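Please look over the model before reading on.

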Amino acid sequence: MRILLIHPPCEEEIYQRFLGLVAPPIGLAYVAAALENDGHEVMIIDMPAEAKDIDEVKEDIERFHLDVVGVYCATYRVNHANEVIKTAKEVDGGIKTLMGGPHASLLAEDCMKNENLDVVVCGEGEITTPELIHTWKCGGDLTRVKGIVFREHEQVVRNPPRELADVDSLPYPARHLLPMDKYKLFGTFKLGTMISSRGCTYGCHYCSVAAIYGRRWRPRNPKRIVDEMEYLQKNYDIDALIFMDDNFDLNKKRVMMLCDEIRERGLDILWGYQSASVIKDEETLKKLRNVGCRILTYSIETSSRRSIDVMKKKVDMQQVRDVFQMSRKLGMIRIANIILGLPGEAKKDVEESIELAKALDPEYALFFLPAPYPGTKFYETAEKMGMIKELDWSKYDTANPIIETEQLSLDELRELNKRAYMEFYLRPAIIKNNLKILYDFIKEGYIKPKHVPGLMSYVLRTSFYLARL
Ligand code: B12
Ligand code: SF4
């Protein structure tokens with residue numbers, strides 16, 4: 001069958017704005033690989049990365065003569081995902097339409113209100129999607145396909161859930177179908193991404209991953225991970241690699257084994273990850289640094305002890321301070337993610353979080369406004385307490401305020417968020433920190449002359465944005 005998978009855009013790309021990050025939709029590439037293995041002809045359009053609008057996508061759908069169109073759906077992309085599905089059916093009513101991703105998985109029945117949508121694939125797509133397409137092709141019985149929600153005789157039917165895949169036996173994501181040249185970090189490093197584990201055992205109340213997959217963590221074998229790192233370096237000539245796991249550093253022993261494997265193979269690659277667990281000791285941090293790990297994103301979330309407890313986030317503030325100091329000494333690029341305005345927070349708490357960001361003094365900080373994603377415990381509570389003031393899901397991108405706290409209105413939160421960015425970035429320390437990193441990275445050969453134009457244009461764009469705040 002001829003299948004097109006689409007990554008729809010969203011209104012605000014915070015990571016692109018502040019980190020010059022454009023990342024591949026690797027979940028779609030995993031599904032595409034499984035479909036190719038089954039003999040299908042698969043294409044992927046990454047609308048934001050390729051800067052394609054819906055009219056251009058419509059032309060593609062007309063040109064490709066497709067059997068199936070599938071779309072990724074996170075909450076903040078839902079309006080565009082629905083538009084894509086509608087467009088596919090407008091072009092040809094015979095095209096089967098599919099949705100997957102976190103929002104679709106958690107709110108499948110709601111997504112099925114779009115009458116142009118035929119099926120939602122809930123949870124992982126690698127086993128379910130080929131099986132579904134095989135069933136369509138053979139005119140088989142959809143009630144036998146686990147993990148889908150579909151329409152039968154005008155009724156929406158939910159089948160039993162699909163068991164989780166064995167993460168070590170999955171084929172590599174079909175990156176050859178993605179516009180790999182478009183993926184960037186800091187506007188200039190050619191970026192590759194990988195998933196070295198899936199899921200997370202923590203149960204943060206605002207998390208969609210825990211809501212979809214439960215509190216399970218499935219690590220890949222370090223040898224297989226390094227095989228894929230080598231493959232990426234060799235085939236895509238990437239400048240930097242970021243692990244996009246839900247919880248990369250949950251198991252310190254596995255991190256150590258991965259470092260050993262990288263060292264033993266002599267792999268020379270600049271890499272980083274988003275830390276959910278926060279490696280706390282200097283020895284491990286050193287080990288990471290010595291095998292090229294130089295970009296660390298720490299999800300601090302908030303400085304307020306009360307918010308940490310309410311959201312069931314595992315954070316120890318003293319450890320966070322120590323880790324920031326140690327990783328600074330080791331010449332890492334540190335990115336702090338901080339949430340402002342969690343339930344119960346007053347202006348004073350938000351100001352404390354901004355002060356914390358400045359005190360930690362990382363090279364970059366991202367400030368998020370909390371969004372209660374449907375299907376999570378946070379959503380349940382926020383809804384029950386009447387806190388949700390924004391109902392347009394396209395605004396659930398953490399750049400827009402969604403909930404009011406007892407003490408803070410949406411407008412106040414919007415203002416505090418702007419203030420956080422201005423206070424954090426308009427400090428001499430930012431220039432000093434970044435110049436130091438720049439110097440180190442040039443000296444170590446990570447930044448080459450070819451990176452300079454991209455880097456300059458990213459710095460100018462971000463500065464221009466900050467100046468207009
Ligand atoms: C990497 C990542 C990012 C990256 C890059 C995203 C990208 N381009 O891929 C970055 C850092 C930019 C990012 C940013 C954000 N992210 Co994010 N991100 C993730 C993360 C950790 C991993 C995604 C991933 O690649 N997983 C691995 C693949 C294999 O899994 P997958 O994508 O789910 O795909 C599988 C299935 O869903 C299914 N599937 C997916 N699509 C389709 C389509 C079809 C047709 C089918 C059949 C099946 C299918 O099959 C795939 C293979 O099994 C997820 C957590 C998660 N596990 O989803 C959060 C997650 C998607 N992000 C989330 C959020 C909230 C954000 C932000 C809004 C918030 C923030 N402040 O960080 C921002 C803003 C985005 C923006 N507009 O700027 C939420 C979304 C919640 C929701 N209900 O929509 C998640 C789920 C995190 C969470 N803990 O709740 N993110
Ligand atoms: S640490 Fe991250 S992935 Fe794990 S439950 Fe919390 S938000 Fe979800």
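Which residues surround ligand 2? They are Cys200, Tyr202, Gly203, Cys204, Cys207, Val209, Ala210, Asp246, Asn247 and Ala276. A residue counts here if its C-beta atom, placed from the backbone, lies within 6 Å of the molecule.

This is a predicted model: local features need pLDDT of at least 70, side-chain atom pairs count only at pLDDT 80 or more, and totals for chains, interfaces and linings use all residues. Residues are numbered from 1 along each chain as its sequence is written, while chains are lettered from A and ligands numbered from 1 in the order in which they are written.

**Ligand 2**
- The shell has seven nonpolar, two polar and one charged residues (Ala, Val, Leu, Ile, Met, Phe, Trp, Tyr, Cys and Pro are nonpolar, Asp, Glu, Lys and Arg charged, the others, Gly among them, polar).

**Ligand 1**
- Around ligand 1 there are 40 residues, and Gly27, Gly70, Ala74, Gly100 and Gly125 are the closest.
- Helix H2 (26-37) is among the elements that give two or more residues (helices are DSSP runs of H or I, at least four residues, and strands of E, at least two, numbered from the N terminus).
- H2 contributes the most, five residues.
- The shell divides into 25 nonpolar, ten polar and five charged residues.
- Domain 1 (2-158) and domain 2 (183-468) each supply at least three residues; their bounds come from an automatic or database domain assignment.

**Helices H11 and H12**
- Lys252, Val255, Met256 and Cys259 in H11 meet Thr284, Lys287 and Leu288 in H12 (contact: C-beta atoms, placed from the backbone, within 7 Å).
- Four residues of this contact are nonpolar, one is polar and two are charged.

Methods: Contact = placed C-beta atoms within 7 Å.
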